[in-house]
Amino acid sequence: MSWHCKTVGEVLDELASSADGLSAAEAARRLATFGPNELEVKRGRSPLSIFLDQFRDFMILVLIAAAIISGSIGEASDTVAIVVIVVLNAIIGFVQEYRAERAMAALKGMAAPAARVMRGATPGTVAAARLVPGDIVLLEAGSIVPADLRLTEAVQLRIEEAPLTGESLPVEKRTVALRDAHLPIGDRTNMAYKGTLVTYGRGTGVVVQTGMATELGRIASLLQEEKGVRTPLQKRLASFGKRLALAVIAICAIVFVIGITRGEEPLLMLLTAISLAVAAIPEALPAVVTISLALGAGKMVRQNALIRKLPAVETLGSVTYICTDKTGTLTQNRMTVEEVWLDGTVLGREELQGLVSGGKAPDGAGILLTALALSNDARQDREGGSIGDPTEVALLEIARGAGFEKGKLEQEFARVAEIPFDSERKCMTTFHAWSDGKLVSFTKGAIEALSERSGPGAPSAGAGAAGREALLAAAERMAADGMRVLGIAMRSWDSLPDSLTPEIVERELTILGLVGMMDPPRGEAQEAVSHCGSAGIRVVMITGDHPLTARAIARRIGIVADDAGGVLSGRELDRLPASEFEKRVADIRVYARVAPEQKLKIVRALQERGEFVAMTGDGVNDAPALKRADIGIAMGVTGTDVAKEAADMVLLDDNFATIVRSVRQGRRIFDNIRKFVKYTMTSNSGEIWTIFLAPFLGLPIPLLPIHILWINLVTDGLPGLALAAEPAERGIMNRPPRHPRESIFARGLGIHIVWVGLLMGFVSIFTQAWAIRGGDPHWQTMVFTVLCLSQMGHVLAIRSERDSLFSQGLFSNRPLLGAFLLTFALQMATVYLPVLNPIFKTRPLPLPELLFTLALSSVVFVAVEMEKLFRRRRGAEGEEGG
């Protein structure tokens, strides 16, 4: 119901209430009818259910099967390693999901515990949960609004509605009925909403909605209905796990059958097939993913981004759209004077302060700055900052920056009287002692109101209508540029008037000038938006602010190129058919005055187009969209607990540029996970080809089960984990985001696994054939060593998709270098330590055979480096051709 469109009398009649409030009996009856004024919480999953759900992932089931198989063939170390990985993965997943369930608890925590009400014409305090429609609630500064109210009285009442609208400036409240039934929450100036905060003044309101029927309750419903979406990595790994399991079963069955048909011992072939199955499954993958994400999360905390759900780290790398709030994220979240208009001249803030400091102040500047300092209720704190209304603070700071200190001026020009600001007349006036025993009044407010109250020829632009037109034209131009415009005027008095009423005091004014203010963009915001453009990411601003202000900020930081198109208000969005909006959503860059469900509508429309959406927010109104988005990003400084609990990531500095740095980190992490998949699957492919092809070439099975399991243990372990520390590739933010549905094997990874695996198998089989033909009894040790060290050469070569290892430098990833040296030493130990020879069925290699083995082991490294050289040359030719 559009309560804001009804008069106070109509609302009271409809609710069968009065200014004296309800009787105790009537309140009790309505409580039984409407229920308590509380947010209802649906029963969530139990902790045990959340924990058990962690074992439903297909990749985890494959690993559990691998652990059982390893245990059955006596490989206890592999079984223990896999079980530890699976349990750790489950614990991490449980902690993240359990924390996500707390968003509703945070929302309930915003409710006021008690409320001051009129019951039977007597004021008193009742539990907020016992409020009912028709109750009369008394509000004062510091009160949390306990229910949705239609205001019946507002005395200089200001309410901060940031939790619902996202805008930090308190809203001036009135009681008059409004005409437009479709006004957004931020424009319903005669309403007060549950969970918002009274910052100034006092008021009275009649309860119109309670519990889940309030705006806060509506958001609670959206939050509980909205389900989070799976991350790109989770989708890719699930698909990868299913395909891998099927492929491994098929290959191992073929190897077993071929071995039997060639007359090999059935038990040996069974153990070989099972060992191959265990080796082919990259059991370290969940550990690598978790470590990569954890390392990335650690780096991101140092860059002011706190990760609440680990998969979100990688999700950032897939983002194609960033839907961001304006206030505090793209802007500085503080009002600042941008321009001053003096007698037809426009001066920037720094320009004006420089002229005044240099003794070249234009006419009228001194009296204007004096007025800004004196007619001001903001004050300076002990640390040198300013305290007060954001607009007044902005005026105080420009005056102080030009050398006009309020404290010093007040000693000379003391305030003797005032008429407070009133939203009806849109201005305020203060009286000050002046020279020669006279007084001066300074009036500031909306320029339209001051212009009407100025005397003949009073505007400083010149006499008469021409001067007034110039003044109003300057004000319109400032407003069109997204600024909040205030006029400053004065009047001289011989003595204080007997009647301090606006009708007597605020007339025959002389207008001193105009001040244009706005919450300016952060210094790094434009560069960050530009980086997004280079990275193929579209930035969309979603704000509760006015369209003009939103467009001006968007234009200044590069979100929109010009004034044509790209901006849509919440009211226009409401009227737009769903089919039409889906067509236009890709072209809209700024949304202004939007409601919570509209934010959800925007996110869903983009996701239905196949986009991956990051959504920022700080208010309660943002929580459903944060939960729905592929990655929800809450503000750490200004954000509510509700938004933080619903989000995947929290910005500790509320800075948009931090998101862009996080996207870079997300891309690096996914690149490194891909490198691990490339490395481990190529290694497994090489092992499979070696064992699979040897019988077709008339050669015995080249490796024993112990060899396969050892290679799997030492090569998949530390070297693979060390890839998580690989630095970002060059130009990582100059490429488009991955397509959300792109396979983990895309962009040549699958082909690389096949051809390098084949090469690895070919080199191993060549080693076997050459050694057997020469009658070398060490042939199996040589094959074992070549296959192991070939994988070490491969891990060094794939550190970059394009750059050579020699340009990267061996020491740019010290953990990987250490893992390489350790693995080499362990492999040499299996060959040369007598205690290990009988276990691994190896024999020490003479120096010529060792050198021959090392030379063959480097073939894979050289081949992959040649592939990258070819890719670099092809890329350079493409750039020259372009």
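Is Pro547 buried, exposed or partly exposed? Pro547 counts as partly exposed, because its relative accessibility is 30%, where buried means under 20% relative accessible area, exposed over 50%, and partly exposed in between (1.4 Å probe, protein chains only). The model examined here is a predicted one, in which local features need pLDDT of at least 70 and side-chain atom pairs count only at pLDDT 80 or more, while totals for chains, interfaces and linings use all residues. Residues are numbered from 1 along each chain as its sequence is written, and side-chain values use heavy atoms, with hydrogens and water left out.

The protein chain contains 36 helices and 24 strands; these are DSSP runs numbered from the N terminus, with helices being H or I of at least four residues and strands E of at least two. Of its 882 residues, 54% count as buried. Among contacts (heavy atoms within 4.5 Å) with a separation of 6 or more, residues 24 or more positions apart account for 72%.

Pro547 belongs to helix α21, which spans residues 547–557. Beyond its neighbours up to four places away in sequence, Pro547 touches Ser569, Ala592 and Arg593. Its C-alpha atom is separated by 9.5 Å from that of Gly570, 23 residues apart along the chain. Elsewhere in α21, Thr549, Ala550, Ala552, Ile553, Ala554 and Ile557 are buried. The buried residues of this helix pack against β18 (510–518), α20 (525–534), β19 (538–543) and β21 (590–592). Just after α21 comes Gly558, with a positive phi of about 90°.

Attention now turns to the interior. In soluble globular proteins, nonpolar side chains tend to be buried together. A nonpolar core is taken as a set of buried Ala, Val, Leu, Ile, Met, Phe, Trp, Tyr and Cys residues joined through side-chain atoms within 4.5 Å. The largest such core has 61 residues, of which Ile322, Leu514, Ile559, Met649 and Phe656 touch the most other members. Helix α27 (residues 656–693) gives the most to this core, contributing seven residues. Apart from it lies another core, of 47 residues, including Trp3, Leu223, Cys323 and Val642. Leaving aside residues up to four places away in sequence, Met649 is in contact with Met300, Ala305, Leu306, Ile307, Arg308, Leu316, Ile631, Gly632, Ile633, Ala634 and Ser662.

Two further residues of α27 deserve a look. Thr658 lies in this helix and is buried, with a relative accessible area of 1%. The C-alpha atoms of Thr658 and Gln303 are 6.9 Å apart, although 355 residues separate the two along the chain. Gln303 is also among the contacts of Thr658, together with Asn304, Ala305, Leu651 and Asp653, not counting residues up to four places away in sequence. Arg674 is likewise placed in α27, and it counts as buried because its relative accessibility is 2%. Rings of Phe, Tyr and Trp (its six-membered ring) pair if their centres lie within 6.5 Å, and planes under 30 degrees apart count as stacked, over 60 as edge-to-face and the rest as tilted. By this rule the count comes to nine aromatic pairs. The rings of Trp710 and Phe840 are edge-to-face, because their planes stand at 70° with the centres 4.9 Å apart. This pair links distant parts of the chain, 130 residues apart, with Trp710 in helix α28 (residues 705–716) and Phe840 in helix α34 (residues 837–840). Both Trp710 and Phe840 are buried. Phe762 and Phe766 form a stacked pair, with 6.4 Å from centre to centre and 25° between the planes. These two are separated by about one helical turn, because they are four residues apart in helix α30 (residues 749–773). Phe762 counts as exposed at 54% relative accessibility, whereas Phe766 is partly exposed, with a relative accessible area of 39%. Ring pairs also join Phe413, Trp434 and Phe442 into a cluster.
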